[in-house]
Number of protein chains: 2
Amino acid sequence: MKVAIVGGGAAGMSAASRIKRLNPKMDVHVFEKSNFVSHAPCGIPFFVSGIVRDVEELCAYTADFFREERKINVHLNAEVVDIEYGKLEYVERGKSRTYEWDYLLFSTGASPIKISSSKKVYYVRSIEDAPKIRAVAEKSEKIVVVGCGYIGVEVVDALTNLGKKVVVIEKEYPLPDHDLEISKLLLNEMSKYAEVKSEEAVEEVREVGEKLIVETRENEYEADMVISAIGVKPNVELAKKLGVKLGESGAIRTDPFLRTNVENVYAAGDCAETTNIVTQKPDWIPLAAPANKMGFVAGSNIAGKRMKFPGALKSQMTSFKDLEIGKTGLSEKEAKKHGFDAISVTITSRATAKYIPNGELTVKMVAERNGRVLGVQAIGKGVAKRIYAAASLLYKNAKVEDFFFVDLPFYPPKSPVWDPLVVAARKLMKSI
Amino acid sequence: MKVAIVGGGAAGMSAASRIKRLNPKMDVHVFEKSNFVSHAPCGIPFFVSGIVRDVEELCAYTADFFREERKINVHLNAEVVDIEYGKLEYVERGKSRTYEWDYLLFSTGASPIKISSSKKVYYVRSIEDAPKIRAVAEKSEKIVVVGCGYIGVEVVDALTNLGKKVVVIEKEYPLPDHDLEISKLLLNEMSKYAEVKSEEAVEEVREVGEKLIVETRENEYEADMVISAIGVKPNVELAKKLGVKLGESGAIRTDPFLRTNVENVYAAGDCAETTNIVTQKPDWIPLAAPANKMGFVAGSNIAGKRMKFPGALKSQMTSFKDLEIGKTGLSEKEAKKHGFDAISVTITSRATAKYIPNGELTVKMVAERNGRVLGVQAIGKGVAKRIYAAASLLYKNAKVEDFFFVDLPFYPPKSPVWDPLVVAARKLMKSI
């Protein structure tokens, strides 16, 4: 049995490894356009800031590791240029070749949405671009960052740590999928280090001599460098060519086994839809942790071990300086967009015992009026453990009273005896 | 309606506050033997180490706050000396008085198990003793700590931070309710700072001049001070007098509404049993977080708002120097003692992304052979968030595959893309 895996990122390599572990006799070929496999674009901001020294560190394993240890046929710099049922054509180091497959996995990932044709506008997506971004940033005095989602926040954090003058332009508010209670706290903190322009949409980026001009409806900003992080779109051209159906999001529609509508063709990772565990509807959640697990599940199914992927919660975490931010499930505005009769509470509470003070955090909890929790957002100190707990409870379909009664550990330097999650739940219980 | 609350610790004050909030017309009297209410004995090690400066900081609120803000009649230095149905007798500042009650809550807490009659042996329980412990410790050169549960670990941490020469004697291994895989890692770390004597039982403590001699079967240890933290026993004398039934643990038996067998008599906190969520059997879990919630629930029920307490997981967390340790649910030995057909896995994994290394942690996951998780223990870096997640999943009766599929947030400086909990679950899934 011959397996073609198109795309050697997290999902693709996770699938390939799983297949070879379960069924070593399967012939697995991975076709990766770039020079790296199992690359982690989420690490790029930490490479730009200098925390990560070598770009190779951003790969979980090398191609040789997969070839030698896992007996996977990895093709680097190998772009799949054409596809039909049972056969694909790829170009590897200038030479065109074909590979016949019985099973195929699309793990083609996602690409940044472009805002300009200028080559001086950089996108935080391919680890191959990372050294260039760092080098240009080092020489730049003033940098405009367009888009303030998670990646935007981390890039601004990195650039301001390097002492750069940064303007960040976001058409909504920083972390636009969060509710304003959270975004505004982040905005306050970011404004101490960078010029933050909220509710401003970039219309054009022009090169003027050595400089770039970023034009919004309201203003013009001159910069030595522009970094754009306004979002990504799924890479689905090959899938479409094969007759694979897309979902409403534009990503590949999958069933719980991560099968597409085409027999023996699977999809996993950033190019594919999955189920949103909270809404129980198809959703496109291009994040690294679900991508890895989707690869694992798709690989299991290809190798003949049936396994369902339950979906994802879109759990996320980041930080700006000492401010941690996290979210799992839906924000209130997302909940309302999905038609939920949502109620919410926002509390600010000590992150640790009163007698060992170490900052506070703000928690917003969103629930259906019947009591089921739809999402939790948090910002401040000690956010990670609360988002870990919240994601776990949401995963199990928890109600507000579960957030109150869950027996979280108490340890004075790390948590108060009434955990902020419990405090939020206690307050929200009154509305149910 | 007149309510008597015997004991003004976490559970008692939580109940009193809840009653007055729900039903301000109820007359609530709290009888507290010591000079403090809502005291937090868990904070004592941090007072000994000097992190907490004033002993008053170890109280969530003052008696005056409860009197003035919450209209609760707080009696300090007021010991209840006799009790009968509908009436109790107490001694307040030398004067004997009576109070007639319609509802009564036992929140009498627990007391340390004594190992000697010597006044030079200190127990880490009453915050009134804390200043004495700190003062004597400061003057002492060599201190023997008996018992190495959570409190013992924290006391040894505090004393070694003060530069004291410490011997710690534990009849099993450090953190005796943990499995050996965890205890031995802690033992290694503690041994760098203190002399740790495992599997040694203290037989006697004698005063010899200014010194103390701690005698075990194997050895004798001379010390300037002895601190004992071998455990606590529930304070149930008054409850017995009233005909209240105790459970097998010796603590007060309660139903899910925290009622005792005697009508209108409730029990909450360290003197009472609750349900162990994992075993679904009665258990005695004398910890601060459940105590507070038990008080809340007992208070609700007394005030006429029916509410069930679901029980607790015995979730705990502590640290020794930079080593964090946590546990929720059952260890493997506890699981076997309860008759479960337990399987387990122990893994060591990076706490953060490979490219932003920040230590590792060891996770032990224990499950029933049918897949239900019974408990998680962890030691190392980044333990808190994993125990938060594990407690949340255990609370919802999760299976090993839930631990694999739960969508935990990925953020390179805080967590790897395959979280250690997920890695442990992936490995344990193979045995199911």
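Student: Leaving aside its neighbours within four places in sequence, which residues is A:Glu172 in contact with?

Tutor: A:Ser198, A:Glu199 and A:Lys333. Contact means heavy atoms within 4.5 Å. This is a predicted model: local features need pLDDT of at least 70, side-chain atom pairs count only at pLDDT 80 or more, while totals for chains, interfaces and linings use all residues. Residues are numbered from 1 along each chain as its sequence is written, chains are lettered from A and ligands numbered from 1 in the order written, and side-chain values use heavy atoms, with hydrogens and water left out.

Student: What makes A:Glu172 partly exposed?

Tutor: Its relative accessible area is 34%. Buried is under 20%, exposed is over 50%, and partly exposed lies in between (1.4 Å probe, protein chains only). So A:Glu172, at 34%, is partly exposed.

Student: Where is the place of A:Glu172?

Tutor: In the loop between β11 (165–169) and α6 (180–190) of chain A. Helices (H or I, at least four residues) and strands (E, at least two) are DSSP runs, numbered from the N terminus. A:Cys148 is 24 residues from A:Glu172 in sequence, and 8.7 Å from it in space, C-alpha to C-alpha.

Student: Why is strand β24 of chain B largely enclosed by the rest of the structure?

Tutor: Eight of the nine residues of β24(B), 360–368, are buried, so the rest of the structure largely encloses this strand.

Student: How do you know that β23 of chain B and β24(B) pair?

Tutor: Two strands pair if DSSP finds at least two bridges between them. β23(B), residues 342–350, and β24(B) have nine bridges, so they pair; the sense is antiparallel.

Student: How many bridges join β24(B) to strand β25 of chain B?

Tutor: Seven, and the two strands run antiparallel. B:Val363 has B:Ala378 in β25(B) as its bridge partner. β24(B) and β25(B) form a hairpin with four residues between them. In the turn, B:Gly371 has a positive phi of about 110°.

Student: What is the order of the open sheet of five strands in chain A?

Tutor: β21-β22-β25-β24-β23, with antiparallel pairing.

Student: Why do β21 and β23 of chain A stand at the edges?

Tutor: Each has a single partner strand, so one side of each is left without a neighbour in the sheet. From one strand to the next, the twist averages 15°. Within the sheet, six bridges join β22 (323–329) to β25 (373–380) of chain A. A:Glu324 has A:Gly380 in β25(A) as its bridge partner.

Student: Which strands of chain A does helix α5 lie across?

Tutor: β21 and β22; helix α5 (150–161) runs at about 25° to β21(A). Axes are lines fitted to C-alpha atoms, for helices over the stretch in contact, and angles run from 0 to 180 degrees between N-to-C directions. Helix α12 (420–429) of chain A lies across β23, β24 and β25, at about 140° to β23(A).

Student: At what angle do helix α1 and helix α8 of chain A pack?

Tutor: About 35°, with the axes of α1 (10–22) and α8 (288–302) 7 Å apart. Residues of α1(A), including A:Ala10, A:Ser14 and A:Arg18, meet residues of α8(A), among them A:Ala291, A:Gly295 and A:Phe296.
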